[in-house]
Amino acid sequence: MAEKNVPAELLAQLDQLMSEVAEYVEGQLAEKGSIRPIFVMRSTEGASFFLASPPFLDEECVATFARTVRTLCIARGATVGVMAFAAEVPAAEASAASDVGHCQTEGVALLGEIAGIGRVHVLLPVLSSPMGPRLVFEQRTACDAVRWVAELTDLLPTAPPSEFDRLLARTELEATGYG
């Protein structure tokens, strides 16, 4: 994340939100064996989430999801957010992770952001365990090379949106069925 004077409260909110999303992802992996892309945010209006439907299939799905999430962030005044989606582990990372256990070739990308500050990208490998799939926090790696990362960053506004911008965003969401 960019080194700026980040309020400790926002850093704590982001850490907490990333942990909550990781727990949700582990639950989905254990129950269903896969995850749908999800964006979770905290805002001036409370917490909310948005699931991708259908899962990312192509560039258009990703672009539509990212555009909708950006509009939601403006409409609700998001302060922190976390995007999570299944991601392929780059070949070098997959071989390094396989030394630890039976690593699948997939991981989970968690993209955390603080409005106006920056982002934290981590790739968490998914390992099999007797209790089911689990995320391996001790093997966090940068995930800039993971497919879709570039399209799914900078989802939160760089500056607090005006009331007019928030009203426009709400109107757009209502027109597209997400209001």
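**The aromatic pair in its setting**

Tutor: Read from one end of the sequence to the other, the chain follows the pattern α-β-β-α-β-α-β-β-β-α. In this predicted model, the chain has 4 helices and 6 strands.

Within this arrangement, the count of aromatic pairs comes to 1. The partners are Phe-50 and Phe-65, whose rings are stacked, with 5.3 Å from centre to centre and 15° between the planes. The label "stacked" applies because planes under 30 degrees apart are counted in that way. Phe-50 belongs to strand 2, which covers residues 46-51, and Phe-65 belongs to helix 2, which covers residues 59-76; the pair therefore ties together parts that lie 15 residues apart in sequence.

Phe-50 has a relative accessible area of 12% and is buried. Phe-65 is likewise buried, with a relative accessible area of 5%. Both values lead to this label because buried means under 20% relative accessible area.

The pair may now be placed against the whole chain. Of the 179 residues in the chain, 44% are buried. Among the contacts with a separation of 6 or more, 66% are accounted for by residues 24 or more positions apart.

To return to the part requested: a ring in strand 2 and a ring in helix 2 form a stacked aromatic pair, with Phe-50 buried and Phe-65 buried.

Methods:
Residues are numbered from 1 along each chain as its sequence is written. This is a predicted model: local features need pLDDT of at least 70, side-chain atom pairs count only at pLDDT 80 or more; totals for chains, interfaces and linings use all residues. Side-chain values use heavy atoms; hydrogens and water are left out. Rings of Phe, Tyr and Trp (its six-membered ring) pair if their centres lie within 6.5 Å; planes under 30 degrees apart count as stacked, over 60 as edge-to-face and the rest as tilted. Helices (H or I, at least four residues) and strands (E, at least two) are DSSP runs, numbered from the N terminus. Buried means under 20% relative accessible area, exposed over 50%, partly exposed in between (1.4 Å probe, protein chains only). Contact means heavy atoms within 4.5 Å.
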